[in-house]
Amino acid sequence: MTFEKTPGWLDWYAGPSKPRFQLPPGSVDAHCHVFGPGDAFPYAPERKYTPCDASKAQLYALRDHLGFARNVVVQATCHGADNRAMVDACVGSGGKARGIATVKRSISDAELQALHAAGVRGVRFNFVKRLVDFTPKDELMEIAGRIAKLGWHVVIYFEAVDLPELWDFFTALPTTVVVDHMGRPDVSKPIDGPEFQLFVRFMREHSNVWSKVSCPERLSVAGPNALNGEQAAYRDVVPFARHIVETFPDRVLWGTDWPHPNLKNHMPDDGLLVDFIPHIATTAELQQKLLVTNPMRLYWPEEV
Ligand code: 0GY
């Protein structure tokens, strides 16, 4: 089947630069996606956007180019609860990728077991209204209870303004909870203002909550242009991400978010994104935790 991508959608960056920052050996890109290809893995009828294809071979070529050793492939909303493209990427990785699935209440125990065998280690609950229709919280809690028994965790994606309303549900989840992109802070607001401080409190008071300090390109108002050699691209995101890394060094993850769904104004150079890392994890010890120790503990505990 041929799919027309959503008008205005930018293609992912072909020919990314080689990062200047050398990733520690064994680094994990803990948030990335595959899209289709649509003729092999059709996009979901209920999707809110149609992406350009981004195959597992292209993802693994990027992994090697940037210097990562492993990936965590997160189910994107354009595939709904049809996990075949993500599973195919995990299975085709030779053990170098784990997956995060989207499942419905109707999934059987045998299907969950098959996902586990393929490398899936968590489910994603998405609360970003432009991306998904509402799923009742009792359905999500039932799924969380079932996947907890497999030792999986829950990945949550939401906007900062929605955290107060979602707080009770999130804090009742029975598993490790991983937040995508720091809960999408508004970086034009002060770091010590009530909105970001609520997120910090969420992590401080709940030791099962982790955060991906990813996606500066989505959060930044300043954009990719570094001011000089000293200041990072996406510099307005640095204080937020750095604060989370330094306050919770054992509960942070990092990912490229390749192939960067839904970007219409600016498509990041993935090499530049890697060069953002030493601005938010400023010591070799913090970098090791962010890129190797933490994701290995969560996704490959049998190898730790
Ligand atoms: C991300 C961010 C986005 C999209 C999705 O599953 C998705 O469609 O996650 C977004 O549009 O903010 O993490 O990839």
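Modeller: To begin with the term, a cavity is a set of points, on a 1 Å grid over the protein atoms alone, where a 1.4 Å probe fits but cannot get out, and lining residues have an atom within 4 Å of a point. A volume is the space filled by probe spheres set on the points. This is a predicted model, in which local features need pLDDT of at least 70, side-chain atom pairs count only at pLDDT 80 or more, and totals for linings use all residues. Residues are numbered from 1 along each chain, and side-chain values use heavy atoms, without hydrogens and water.

Colleague: What volume does the largest cavity have?

Modeller: About 110 Å³. Among its 15 lining residues, Arg-124, Leu-131, Tyr-157, Arg-218 and Pro-261 lie nearest the centre.

Colleague: Which cavity does the ligand take up?

Modeller: The ligand takes the space of the largest cavity; to sit in a cavity, more than half of a molecule's atoms must lie within 2 Å of its grid points.

Colleague: Which side chains have polar atoms by the ligand's oxygen atoms?

Modeller: His-33 has a polar side-chain atom 2.6 Å from a ligand oxygen. For Arg-124 the distance is 2.8 Å, and an N or O atom in the Arg-130 side chain is also 2.8 Å from a ligand oxygen.

Colleague: What share of the ligand's exposed area does the protein bury?

Modeller: The protein buries 100% of the 350 Å² that the ligand exposes when taken alone, with areas from the Shrake-Rupley method and a 1.4 Å probe.

Definitions and conventions: Polar contact = N/O pair within 3.5 Å; in protein donor to acceptor, adjacent residues only side chain to side chain. 1 Å grid on protein atoms, 1.4 Å probe; cavity = no way out; pocket = protein on both sides within 12 Å on 5 of 7 lines; lining within 4 Å.
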